[in-house]
2 protein chains.
Amino acid sequence: MVFPLIANMIIAFISYVVTVRVIPKLKEKFIKANLFGIDMSKTTSDKVPESLGVVSGFIFLVTMVLFIPFAFGNNLLDKESFPYDEYVKFILALLSICCMLLLGFADDVLDVPWRQKLLLPTIASLPLLMVYYVSFNITTVIVPKPFREWLGLSVDIGIIYYIYMGMLAVFCTNAINILAGVNGLEVGQSVVIAISIAAFNFVELSGPHWKANLFSLYFMLPYTGTSIALLKHNWYPASVFVGDTFCYFSGMTFAVVGILGHFSKTTLLFFIPQIFNFLYSIPQLFKLIPCPRHRLPKFNSRTDKMECSTTTFRYTDLNILGKVIINLFKTFKLIRWEEKSNTIVTNNFTLINLVLLYFGPMHEAKLTTVLLVIQVLGTILAFLIRYPFASVFYDVPGYN
Amino acid sequence: MVFPLIANMIIAFISYVVTVRVIPKLKEKFIKANLFGIDMSKTTSDKVPESLGVVSGFIFLVTMVLFIPFAFGNNLLDKESFPYDEYVKFILALLSICCMLLLGFADDVLDVPWRQKLLLPTIASLPLLMVYYVSFNITTVIVPKPFREWLGLSVDIGIIYYIYMGMLAVFCTNAINILAGVNGLEVGQSVVIAISIAAFNFVELSGPHWKANLFSLYFMLPYTGTSIALLKHNWYPASVFVGDTFCYFSGMTFAVVGILGHFSKTTLLFFIPQIFNFLYSIPQLFKLIPCPRHRLPKFNSRTDKMECSTTTFRYTDLNILGKVIINLFKTFKLIRWEEKSNTIVTNNFTLINLVLLYFGPMHEAKLTTVLLVIQVLGTILAFLIRYPFASVFYDVPGYN
């Protein structure tokens with residue numbers, strides 16, 4: 001176990017160095033290919049190359065491929081004891097990630113409409129579902145203690161398990177994609193999540209499920225290496241954008257290691273800020289509250305600070321559900337609300353705007369930093385939930 | 001064996017139907033994304049969407065993924081006899097194809113320089129090499145009868161076997177890519193090759209290596225389905241172009257089934273026209289004879305026919321090797337040579353130009369048809385070599 005892990009660390013470091021150097025060389029190529037954006041939170045209007053996540057993602061993929069012989073050696077020596085299950089999982093994970101990279105890049109190039117975007121992670125998770133069905137097809141889940149009286153120790157949820165896996169992939173990819181729009185945020189949060197998963201895996205290496213956690217660790221370290229390299233170029237002031245590609249393949253990577261490593265519930269715990277942001281966004285995503293085309297914070301070029309962006313509507317235009325939600329949010333101080341003549345002006349419902357609402361306008365780099373600190377706090381909370389409290393629900397400490 | 005094969009045929013047919021319908025819907029998206037070309041052999045100058053090979057390739061990939069449960073069922077019933085080797089091969093083949101699709105599409109979008117293009121199939125064949133090393137690492141080859149006196153029955157060629165595999169992938173991808181430039185030719189030749197491989201696999205199903213041939217067949221039928229659908233849109237007058245993506249992923253598909261099915265030498269036999277075209281092109285590819293930017297045949301808008309394209313140079317400017325080659329080619333009537341004052345005008349060294357040289361100018365659709373007939377003749381020659389003559393070199397009729 002020690003030798004492959006050290007090899008993995010070395011290979012992760014090399015992948016970092018390679019990614020840091022390759023990205024600047026490809027910038028011009030991306031701009032030429034019409035893959036660029038204008039940074040709306042800057043006073044300049046330079047073309048910033050977009051979708052560079054495909055580069056870090058691809059280097060990550062190649063790194064993992066080159067790591068195969070280190071992880072599994074050469075099985076000819078001992079065919080009987082060769083860990084076929086782990087091996088299938090490994091190649092399968094690579095296939096899922098590669099599939100998502102391809103679809104993410106195609107999305108960036110072809111600009112798929114919003115609703116069809118949800119389809120892409122579903123399609124990319126097909127290999128996972130199919131191979132899981134053929135190789136494992138374990139769809140029993142341990143029932144939490146409080147419900148055992150009715151359901152027993154474990155229950156076979158059959159096809160629901162597959163729906164859960166597919167939805168996890170869709171959630172992980174899109175959750176990162178909607179907590180975005182500030183330099184360094186997409187990659188920053190992904191790096192925090194990856195390090196959190198890696199830390200969890202390290203702790204669990206001494207537990208009964210060490211194999212599954214080692215498997216995950218193998219992926220998380222090179223992922224972190226290549227992503228930090230991307231972050232270096234994407235940090236304020238961003239010289240490259242990461243694209244949907246990055247959010248997609250990152251989310252898929254987390255979903256895949258979570259599912260194949262049998263710790264998908266723990267993985268979700270590291271998404272607390274994303275889950276909050278998603279739930280908070282729902283009223284606007286589902287048009288219960290009017291949603292402007294962009295909900296990004298506003299850049300104030302005079303102060304060089306980011307400010308809360310707003311949406312304007314008439315209270316009477318809301319349907320009953322919208323009215324209930326907005327009053328609920330107001331009660332819990334999740335929105336600030338100003339009445340101007342007979343219209344209401346409120347902040348857009350995103351975590352980024354909420355941060356700006358509470359802490360006031362701030363510089364873009366500081367905003368990203370605050371959001372990443374929240375992500376780290378989320379991880380600490382996740383560990384608190386995972387370790388001391390999990391025993392309330394499950395008896396085996398190492399389980400999920 | 002019969003049930004999965006029938007399922008495969010049905011799924012191949014469905015993939016054809018889906019591809020035929022999806023391609024026209026995506027044309028506008030590709031043009032908007034700046035992925036288009038102008039057909040130089042037409043009087044109109046409409047934008048023709050480029051790289052649609054990524055669509056047929058991706059549908060092929062998804063089809064193969066959905067086929068996994070049909071091919072392997074659910075192994076929980078009988079874990080001991082589950083064909084793990086075949087299963088690893090299957091997922092590995094998908095990974096290699098997906099990797100090549102991603103790189104091919106990136107090449108189409110980013111326009112990688114010619115020399116770096118050779119790198120792409122090498123990178124995409126890394127999963128194949130790595131997994132082959134870990135899972136099989138069989139690098140012994142059967143020695144042909146005439147050489148057995150010196151080498152014995154079989155010989156372990158070690159790392160050379162890996163170099164051979166890598167080079168096969170590079171060759172297969174580029175061989176299709178350089179026999180191109182006429183509506184329908186890239187896809188047409190690939191379809192002929194795929195059907196040839198499938199025919200060979202069918203014949204061998206009754207032989208001792210039926211498992212490997214069934215494996216290949218599983219890939220060739222859906223590949224043929226999706227590619228014929230693409231051909232329908234790419235045939236004269238082409239409403240879409242296929243892009244490097246198509247040549248890359250097709251070549252990789254053939255290389256992968258050839259290698260993993262242990263019939264790579266036979267696979268190469270189906271590339272006779274490509275091998276000829278490649279050897280014939282070498283003097284220009286290596287600049288021994290001056291090579292214009294494009295070697296495509298010329299379109300004559302007055303007659304609506306394609307004509308042989310030419311290159312002009314002075315005999316005295318050639319180095320000694322160039323002089324030898326050009327005289328050799330002249331002797332074997334592989335070129336036509338006209339002297340104008342002190343310069344030489346000769347056809348460009350491609351199979352397409354050679355056809356136009358021998359049969360005279362012809363309509364583009366007819367030119368493609370003639371070239372595909374040559375491809376079919378190549379297949380017949382391949383079968384003649386493979387079956388009656390192979391026994392001169394090998395004793396086991398089913399081997400390679």
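Colleague: How many residue pairs are in polar contact between chain B and chain A?

Modeller: A polar contact is a pair of N or O atoms within 3.5 Å; within protein, one must be able to donate a hydrogen and the other to accept it, and residues adjacent in sequence count only if both atoms are side-chain atoms. Between chain B and chain A the count is six residue pairs, both residues at pLDDT 80 or more. This is a predicted model, where local features need pLDDT of at least 70 and side-chain atom pairs count only at pLDDT 80 or more, while totals for chains, interfaces and linings use all residues. On bookkeeping, residues are numbered from 1 along each chain as its sequence is written, chains are lettered from A and ligands numbered from 1 in the order in which they are written, and side-chain values use heavy atoms, with hydrogens and water left out.

Colleague: Which elements give two or more residues to the side of chain B that touches chain A?

Modeller: Helices (H or I, at least four residues) and strands (E, at least two) are DSSP runs, numbered from the N terminus. On chain B, the elements giving two or more residues to that side are α1 (2-32), α2 (53-72), α3 (84-110) and α6 (126-135). The largest share, 17 residues, comes from α3(B). By class, that side of chain B has 40 nonpolar, six polar and four charged residues. Here Ala, Val, Leu, Ile, Met, Phe, Trp, Tyr, Cys and Pro count as nonpolar, Asp, Glu, Lys and Arg as charged, and the others, Gly among them, as polar.

Colleague: And how much area do chain B and chain A bury between them?

Modeller: The size of an interface is often given as the accessible area lost when the parts come together. Buried area is the accessible area (1.4 Å probe) that two parts lose on being put together, summed over both. For chain B and chain A it is about 4300 Å², 78% of it on carbon and sulfur atoms. In chain B, the residues losing the most area to chain A are B:Leu102, B:Leu110 and B:Val134, together 16% of what that side buries. If you'd rather think in contacts (heavy atoms within 4.5 Å), 50 residues of chain B meet 50 residues of chain A.

Colleague: Is A:Asp39 buried or exposed?

Modeller: Buried means under 20% relative accessible area, exposed over 50%, partly exposed in between (1.4 Å probe, protein chains only). A:Asp39 is at 10%, so it counts as buried, and A:Lys42 is buried at 16%. Over in chain B, B:Lys42 is buried at 17%, and B:Asp39 is buried at 9%. For another setting, take B:Arg314 and B:Asp317, a salt bridge at 3.8 Å: B:Arg314 is partly exposed at 38%, and B:Asp317 is exposed at 56%. Salt bridges that share partners also join A:Asp39, A:Lys42 and A:Glu364 into one network.

Colleague: Why is helix α15 of chain B largely enclosed?

Modeller: Because seven of the nine residues of α15(B) (residues 351-359) are buried. Among them are B:Leu351, B:Asn353 and B:Leu357. The buried residues pack against α9 (185-204), α13 (272-285), β6 (305-307), β9 (343-347) and α16 (364-393) of chain B. Just after the helix, B:Gly360 takes a positive phi of about 80°.

Colleague: What does A:Val54 touch?

Modeller: A:Val54 lies in helix α2 (residues 53-72) of chain A and is buried at 8% relative accessibility. Not counting residues up to four places away in sequence, A:Val54 touches A:Phe30, A:Leu101, A:Phe105, A:Thr245 and B:Leu102. Recall that B:Leu102 is one of the residues losing the most area to chain A.

Colleague: Where is A:Gln274?

Modeller: In helix α13 (residues 272-285) of chain A, buried at 0% relative accessible area. A polar contact of 2.3 Å joins its side chain to that of A:Gln189.

Colleague: Where in chain A is confidence lowest, and where highest?

Modeller: pLDDT is the predictor's confidence in each residue, from 0 to 100. Chain A has a mean of 91, with 97% of its residues at 70 or more. Confidence is lowest in α4 (residues 114-117), at a mean of 79, and highest in α9 (residues 185-204), at 97. The model scores ipTM 0.92 and pTM 0.93.

Notes. Salt bridge = Lys/Arg side-chain N within 4 Å of Asp/Glu carboxyl O.
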